[in-house]
Amino acid sequence: MAEQVLDKKLYVNNDSAKPKTVIIEPWADERILQPGEKCLIAYMTDPRFEEVEIDCGDEAITVHFHTGAIAEFAEIAEK
């Protein structure tokens, strides 16, 4: 089976003054971003579906992918 290439990128920034949890759904994969940090999510989606939906709250940023997508945290870095 051929290796799948995660060819799309989404950067998520924590511009708040307190830590925030970044959650990738529907897998509930989580990372904590400290103030000023950003993370990169690499992903691949089926073009027939809407790519991503992002909910930003006071304590968490949730990135929703449709079933069939592949996504993972690629890196976390300071701004």
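User: How many aromatic pairs does a search of the whole structure find?

Analyst: The search of this predicted model finds two aromatic pairs. One is formed by Trp27 and Phe65, whose rings are tilted, with 6.2 Å from centre to centre and 40° between the planes.

User: Why does that pair tie together parts that are apart in sequence?

Analyst: Trp27 lies in the loop between strand E2 (20-25) and strand E3 (29-33), whereas Phe65 is in strand E6, so the pair ties together parts that are 38 residues apart in sequence.

User: Which residues form one aromatic cluster, then?

Analyst: Trp27, Tyr43 and Phe65 form one aromatic cluster.

User: Let us stay with Tyr43. What is its relative accessible area?

Analyst: The relative accessible area of Tyr43 is 6%, so Tyr43 is buried. Leaving aside neighbours within four places in sequence, Tyr43 is in contact with Leu6, Asp7, Lys8, Lys9, Leu10, Glu51, Val52, Phe65, Ile70 and Ala71.

User: How many residues apart in sequence are Tyr43 and Leu6?

Analyst: Tyr43 and Leu6 are 37 residues apart in sequence, while their C-alpha atoms are 4.7 Å apart in space.

User: New topic, the largest nonpolar core. Which residues touch the most other members?

Analyst: That core has 14 residues, and Val12, Val22, Ile41 and Phe65 touch the most other members. At least two residues of the core come from each of strand E1 (8-13), E2, E4, E6 and strand E7 (70-78).

User: What does Ile41 touch?

Analyst: Not counting residues up to four places away in sequence, Ile41 touches Lys8, Lys9, Leu10, Val12, Val22, Ile24, Val63, Phe65, Ala71, Glu72 and Phe73.

User: Turning to strand pairing, how many bridges join E5 to E6?

Analyst: Five bridges join strand E5 (residues 52-56) to strand E6 (residues 60-65), and the two strands run antiparallel. E5 and E6 form a hairpin, with three residues between them. The bridge partner of Cys56 in E6 is Ile61.

User: And where is Thr62, and is it buried or exposed?

Analyst: Thr62 is in strand E6. At 14% relative accessibility, Thr62 counts as buried. Apart from neighbours within four places in sequence, Thr62 is in contact with Ile23, Glu25, Glu53, Ile54 and Asp55.

User: Which residues does a cis peptide bond join?

Analyst: A cis peptide bond joins Glu25 and Pro26, with omega about 20°. Pro26 is found in the loop between E2 and E3. Most peptide bonds are trans.

User: What is the phi of Ala28?

Analyst: The phi of Ala28 is near 60°, a positive value in a residue other than glycine. Most residues other than glycine have a negative phi. Ala28 also lies in the loop between E2 and E3, and at 46% relative accessibility Ala28 counts as partly exposed.

User: One more loop, between E6 and E7. Is His66 buried or exposed?

Analyst: His66 is in that loop and is buried, with a relative accessible area of 13%. Leaving aside neighbours within four places in sequence, His66 is in contact with Thr45, Asp46, Phe49, Glu50 and Glu51.

User: And Thr67, buried or exposed?

Analyst: Thr67 lies in the loop between E6 and E7 and is exposed, with a relative accessible area of 71%. Thr67 and Glu25 are 42 residues apart in sequence and 9.3 Å apart in space, C-alpha to C-alpha.

Key
Residues numbered from 1 in each chain as written. Predicted model: local features only at pLDDT ≥ 70, side-chain atom pairs only at ≥ 80, totals over all residues. Heavy atoms only, no water. Pairing = 2+ DSSP bridges. Helix = DSSP H or I, 4+ residues; strand = E, 2+ residues; numbered from the N terminus. Phe/Tyr/Trp six-rings, centres within 6.5 Å; stacked < 30°, edge-to-face > 60°. Core = buried A, V, L, I, M, F, W, Y, C linked by side-chain atoms within 4.5 Å. Buried < 20%, exposed > 50% of the residue type's maximum accessible area, 1.4 Å probe, protein only. Contact = heavy atoms within 4.5 Å.
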